[in-house]
Amino acid sequence: PLAYRVRPELLRLAGESLFAIQQYEKATEQLLWYLNIDDSTVNRDMLLAKLAESLLYQKEPALAKRVYSYIERHHPETEGNVISKIRRAEYLEKQEGNGKDAARFIYQELADKGLTGPLSEYVQFKLATWERDRANFAQSLELIDRALGTMLSTTSKEEFQSLRSQVVVEYLKQAVASKDHALVIALFNQNATLFQTPEKVELLEAVGNACMTLKLYPNALDLYKQAQSHGNKSDDLMLKVAQSQLLMGDLDGAAQQLQLVRSDKLANQKAMILGKIAFAQNQYKEALLQFAKVLSQPNELERADLDSVLAYAESLAQTGKPAEAVDLLAKATAVCPGANEAASQLQMGLLQSKCFLSLKQPDKAIATLELLVSIGPPDNLREQLTYQLAELYLENQQAAKAKEMLSQLATSSQGLWKAAAQQQLDYLEMQNKGRVKTN
């Protein structure tokens with residue numbers, strides 16, 4: 001029992017062993033005993049760090065703080081001081097309230113010291129984890145990538161790479177939830193191999209959805225097919241494949257994909273895509289049949305995209321139902337999302353004027369085109385509308401207005417419409433001279 005007098009290091013060994021097996025009260029006793037006997041021991045800073053940590057886990061924070069202050073004052077540039085700060089930060093992380101924020105402050109202070117080796121890697125890992133836990137994913141990735149660029153330890157590298165994978169996945173999910181489509185695609189492109197596993201199939205689909213929103217249809221189709229190859233055979237995904245194929249002009253592929261969709265819940269969406277396929281193939285009766293399944297239902301018109309409504313109206317017009325097309329467009333103007341935007345008004349107005357002409361209502365066709373010109377369409381379209389108006393004025397016995405329109409058009413920089421307007425003016429002049437001679 002008195003061997004420690006001859007070999008005091010036995011007390012140190014006992015204290016460190018008891019500390020290693022988490023018998024902190026006995027470890028504190030042995031370490032204090034040893035430090036009081038031998039105040040010149042090497043690695044005193046490390047022993048003091050273990051003593052302070054033992055006091056923390058015995059719920060003696062005040063005493064531990066005194067030991068930490070002693071280390072800071074007497075052993076400021078030692079490994080023991082760094083480790084004591086890390087252990088204190090780890091303890092604070094487990095406490096209620098603001099413990100984690102206080103721990104982060106300590107880790108940042110250590111990082112600013114320019115540590116190297118395993119201690120630096122550990123501190124960087126803790127900071128990256130702290131940022132990840134608070135959904136600060138960009139900051140977390142920055143810390144991880146910086147650490148990976150200088151890392152030597154294979155074990156640490158694996159830990160950082162595992163953390164990085166978690167952060168990227170959580171960051172991408174956050175971007176999906178916030179509808180930051182560009183960020184979703186950027187994260188995927190920078191980490192594509194990470195998502196090539198069956199358990200991440202839903203993320204492939206989510207990235208595909210972002211591509212669809214940004215009109216990157218080939219990319220969306222590729223991602224949807226990747227998701228299918230990983231086992232996602234859902235009707236919902238097959239519908240998305242068909243939609244992307246339609247938008248890429250692969251009408252047969254889209255139709256074939258839709259044959260596999262069986263879910264009654266997707267019947268309306270399936271009918272709308274089938275309608276668009278038929279419309280693109282100039283099969284207006286079939287398009288009308290498919291669109292009517294959905295758009296004739298209550299409240300469906302206000303949920304429909306404007307392209308579908310226009311295709312439905314055009315199908316009505318092409319199948320001898322211009323009056324129904326006019327009524328549909330009038331309703332769409334009131335309820336369809338985006339119907340009051342200038343580009344939408346132009347599309348709808350052109351179709352309305354065409355329908356009014358079919359209904360032998362030139363006055364309404366003229367009024368519609370005049371409204372479209374006043375909206376301020378692009379130059380080429382404005383000149384096309386102007387020429388159509390001039391022709392309608394002539395047919396409606398309004399020669400003065402027609403000449404005024406054609407004269408404006410004859411000064412156009414657009415060669416096609418300028419030539420057409422001048423030719424019409426010359427023809428009118430010849431007609432007028434002929435009448436004069438006859439008289």
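Predicted model: local features only at pLDDT ≥ 70, side-chain atom pairs only at ≥ 80, totals over all residues.
Me: Which residues of helix α4 are buried, and how many of its residues are they?
Reply: Helix α4 covers residues 44–57. Its buried residues are R44, D45, L47, L48, A49, L51, A52, E53, S54, L55 and L56.

Me: What does helix α4 reach from its first C-alpha to its last?
Reply: Helix α4 has 14 residues, and at 1.5 Å a residue a span of 20 Å is expected. The model comes close to that expectation, with a reach of 20 Å.

Me: Are α2 and α3 roughly parallel or roughly antiparallel to each other?
Reply: The axes of α2 and α3 lie 8 Å apart, and the two helices pack at an angle of about 155°. Their crossing is left-handed. Residues that meet across the pair include L11, L18 and F19 in α2 and Y24, W33 and I37 in α3. Because angles over 145 degrees count as roughly antiparallel, α2 and α3 are roughly antiparallel.

Me: How is α20 oriented relative to α22?
Reply: Helix α20 (residues 342–358) and helix α22 (residues 379–395) pack with their axes 13 Å apart, at an angle of about 20°. That angle makes the orientation of α20 to α22 roughly parallel.

Me: Is E131 buried or exposed, and which side chain is joined to its own by a polar contact?
Reply: E131 is found in helix α8, which covers residues 117–133. Its relative accessible area is 7%, so E131 is buried. Beyond four places in sequence, E131 is in contact with R104, N136, Q139, S140 and L143. Among these, the side chain joined to that of E131 by a polar contact of 3.2 Å is R104.

Me: Is Q124 buried or exposed?
Reply: Q124 is also found in helix α8. Not counting residues up to four places away in sequence, Q124 touches A111, L143, A147 and F160. Because its relative accessibility is 13%, Q124 counts as buried.

Me: What separates the C-alpha atoms of I144 and L127?
Reply: I144 is found in helix α9 (residues 137–148). At 0% relative accessibility, I144 counts as buried. Leaving aside neighbours within four places in sequence, its contacts are A128, F160, L163, R164 and V167. I144 and L127 are 17 residues apart along the chain, and their C-alpha atoms are separated by 9.1 Å.

Me: Where is A135, and is this residue buried, partly exposed or exposed?
Reply: A135 is in the loop between α8 and α9. Its phi is positive, near 60°, although A135 is a residue other than glycine. Most residues other than glycine have a negative phi. At a relative accessibility of 34%, A135 counts as partly exposed.

Me: Is K360 buried or exposed?
Reply: The place of K360 is in the loop between α20 and α21 (362–375). K360 is not a glycine, yet its phi is positive, at about 60°. With a relative accessible area of 72%, K360 is exposed.

Me: How far apart are the end C-alpha atoms of helix α13?
Reply: Helix α13 covers residues 217–229 and has 13 residues. At 1.5 Å a residue, the helix should span 18 Å, and the model agrees, with the end C-alpha atoms 18 Å apart.

Me: Against which helices do the buried residues of α13 pack?
Reply: The buried residues of α13 are Y217, A220, L221, L223, Y224, Q226, A227 and Q228. After this helix comes G231, whose phi is positive, near 110°. The buried residues of α13 pack against α11 (181–190), α12 (201–213), α14 (235–247) and α15 (251–258).

Notes
Residues numbered from 1 in each chain as written. Heavy atoms only, no water. Helix = DSSP H or I, 4+ residues; strand = E, 2+ residues; numbered from the N terminus. Buried < 20%, exposed > 50% of the residue type's maximum accessible area, 1.4 Å probe, protein only. Polar contact = N/O pair within 3.5 Å; in protein donor to acceptor, adjacent residues only side chain to side chain. Contact = heavy atoms within 4.5 Å. Expected span 1.5 Å × (residues − 1). Axes fitted to C-alpha atoms, helices over the stretch in contact; angles between N-to-C directions. Parallel < 35°, antiparallel > 145°, perpendicular 65-115°, else oblique. Left-handed = near helix turned anticlockwise from the far one by under 90°.
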